[in-house]
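The sequence and structure come first.

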2 protein chains.
Amino acid sequence: MSSIKISDKAINRLTLYHCILSDCLRKGVDSISSTTIAGLLRIDDSQVRKDISLLNNTGKSRVGYDVKELKSSIEHTLAFSKVKNVFIVGAGNLGFALAKYNNFANYGLNILALFDNNPLKHNVEIGGKKIYPIEDLKGQARKMDVDIAILTVPYNAAQQVTDYMIEAGIKYIWNFTPVVLSVPDDVQVWNENLMGNFFQFTYGK
Amino acid sequence: MSSIKISDKAINRLTLYHCILSDCLRKGVDSISSTTIAGLLRIDDSQVRKDISLLNNTGKSRVGYDVKELKSSIEHTLAFSKVKNVFIVGAGNLGFALAKYNNFANYGLNILALFDNNPLKHNVEIGGKKIYPIEDLKGQARKMDVDIAILTVPYNAAQQVTDYMIEAGIKYIWNFTPVVLSVPDDVQVWNENLMGNFFQFTYGK
C-alpha cells in the first residue's frame, strides 16, 4: 500500500475524520475547518492539522478544507480502494452485524462468504453472501482468494476454528472473540479487544 | 476506582492477559510465565513483567505467576467488580450480540435494558433483558440508574438517538456507530472505531 509512516493513533484519528467528512457530504456541507473537526473529537486543533499534513491534500482555502478532497485524500492514503477479501467465520449476531455493516464496502472490505457450524444456517444468504459449513473453509479458501478472516465464533470454539482457518491457509485473522489465539509465526492476529477498549474509557472514572 | 496511573496501552494489554488467564483456568493450568504470555501476544517478555508490576500481585514463584492470583489482581486493579449499569440502544444484530455477550457480566457490565424503534421488538427479551421503545429512554433512565449507554443504531439514526439519550441524562456513550456524535461538554463519548482499528492492522501490508 502506501509508504508513508503513519502511527496507529493517527490512523485511528484519520478514520474518525473520514466519518465526519462522510457526514458532511450527506448533509451537503462543502468545507470544514480543523477547529470544527477538533471540537467534535475534543482534541487539539493543531493535532488535526498535523494529521492532515501527513496526507497529500491540497484542497484548503480560507474557509477550511474542501470536504470531498480531504475525504478522498484519507481514502487514498489509507488505501480504502485496495480490496481486502474477507471471510466471516461465525454467523451469529455479531457475524450478521458485520456482514450487513453497510460501511465495510466503503473501506474496501469485500465479504466473500460466512461460515458456521449450524446446519440450519447453511446456504442461507446474509447481506447477499452465503453461509457455508465450517468444514468448507479449506475448499472455499482455495476457490475464493481470501485475504482476511473475521472470527466471530463463541469463545469456546475460537481456538479449534482458528486451527481450521490456519489449515485453510488464512494468514490474517481479525479476532472478535475474547480469546488470545495460538497461531504459527506466519499468521497475524489482530485482537479486537472490546473490554480493553471499554476499560480505557472507564478506568479511573 | 483505582488511583494507580495506567496507560491506555497497558490497560489494553492487561485485559488480554486476563483473557489468557481465564483460558488457563478453564484448562486447569495453575501457573504461567511471562514468556508464555508474551509469546501468545508477540510482545516483549519485559513488557509483560513491567505491566504486571503495576498490579498489587504477589503470587509469583520460580515456575511463574499463580494464574488465579494474577487474574484477580487484574480484576481488582481495573475494578471489574464495580458494577456499570448499561443500556443498549439499538436492538439490531450488534445490539443482540452485545446483550448476549457472555463475558460482559465478568467485567462488571450489567445490562439493564435494550431500546429500539421497531414495535415488533418491544417487550421481547434478549439475554433476559427487555426491549423498550426509544421514547421510553427518559422514563427508564429515571427508574433504572443507568451509567453508560451503548449505541448500536444504524448510522442515519445515530445523532437523533444521541440527542434523546442526552435528554434522558446519559453521560457516557460507548459509540459503535461510524458517526462522530455531537454532544454537550458534560457528556463523554468513546468511539469504538472499528475501521480505525482495522486500518491499524492492515496499513502498509
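The text below takes the salt bridges, then the cores, then the interface.

This is a predicted model, in which local features need pLDDT of at least 70, side-chain atom pairs count only at pLDDT 80 or more, and totals for chains, interfaces and linings use all residues. Residues are numbered from 1 along each chain as its sequence is written, chains are lettered from A and ligands numbered from 1 in the order in which they are written, and side-chain values use heavy atoms, with hydrogens and water left out.

**Salt bridges**

A salt bridge here is a side-chain nitrogen of Lys or Arg within 4 Å of a carboxyl oxygen of Asp or Glu. Side chains of opposite charge can pair when their charged atoms come close. Over all chains the count is 14 salt bridges. The table gives some of them.

| D51(A) | R13(A) | 2.6 Å |

The salt bridge of D51(A) with R13(A) links distant parts of the chain: D51(A) is in helix 3 (residues 45-53) of chain A and R13(A) in helix 1 (residues 8-26) of chain A, 38 residues apart. Helices (H or I, at least four residues) and strands (E, at least two) are DSSP runs, numbered from the N terminus. Accessibility is sorted into buried (under 20% relative accessible area), exposed (over 50%) and partly exposed (in between), with a 1.4 Å probe and protein chains only. D51(A) and R13(A) are both buried; R13(A) counts as such because its relative accessibility is 18%. Contact means heavy atoms within 4.5 Å. Leaving aside residues up to four places away in sequence, R13(A) touches I43(A), Q47(A) and D51(A).

D23(A) and K27(A) belong to a network of salt bridges that also includes R26(A). Is D23(A) buried or exposed? At 17% relative accessibility, D23(A) is buried, whereas K27(A), at 59%, is exposed.

In chain B, E75(B) and K71(B) are four residues apart in helix 4 (residues 67-77), so about one helical turn separates them. E75(B) is partly exposed at 23% relative accessibility, while K71(B) is buried at 18%.

**Nonpolar cores**

A nonpolar core is a set of buried Ala, Val, Leu, Ile, Met, Phe, Trp, Tyr and Cys residues joined through side-chain atoms within 4.5 Å. The largest has 100 residues, and W174(A) and W174(B) have the most contacts inside it. Another core, of 23 residues, lies apart from it and includes I134(A), L151(A), M165(A) and I173(A). Residues up to four places away in sequence aside, W174(B) touches residues of both chains, among them L194(A), F198(A), F201(A), F104(B) and W190(B).

**The interface**

How many residues of chain B are in contact with chain A? There are 67, and they meet 67 residues of chain A. The buried area, which is the accessible area (1.4 Å probe) that two parts lose on being put together, summed over both, is about 6,300 Å² between chain B and chain A, with 66% given by carbon and sulfur atoms. In chain B, F199(B), F201(B) and Y203(B) lose the most area to chain A, together 13% of what that side buries. Elements giving two or more residues to this side include helix 1 (8-27), strand 9 (172-175) and helix 8 (194-202) of chain B. Between chain B and chain A there are zero salt bridges.
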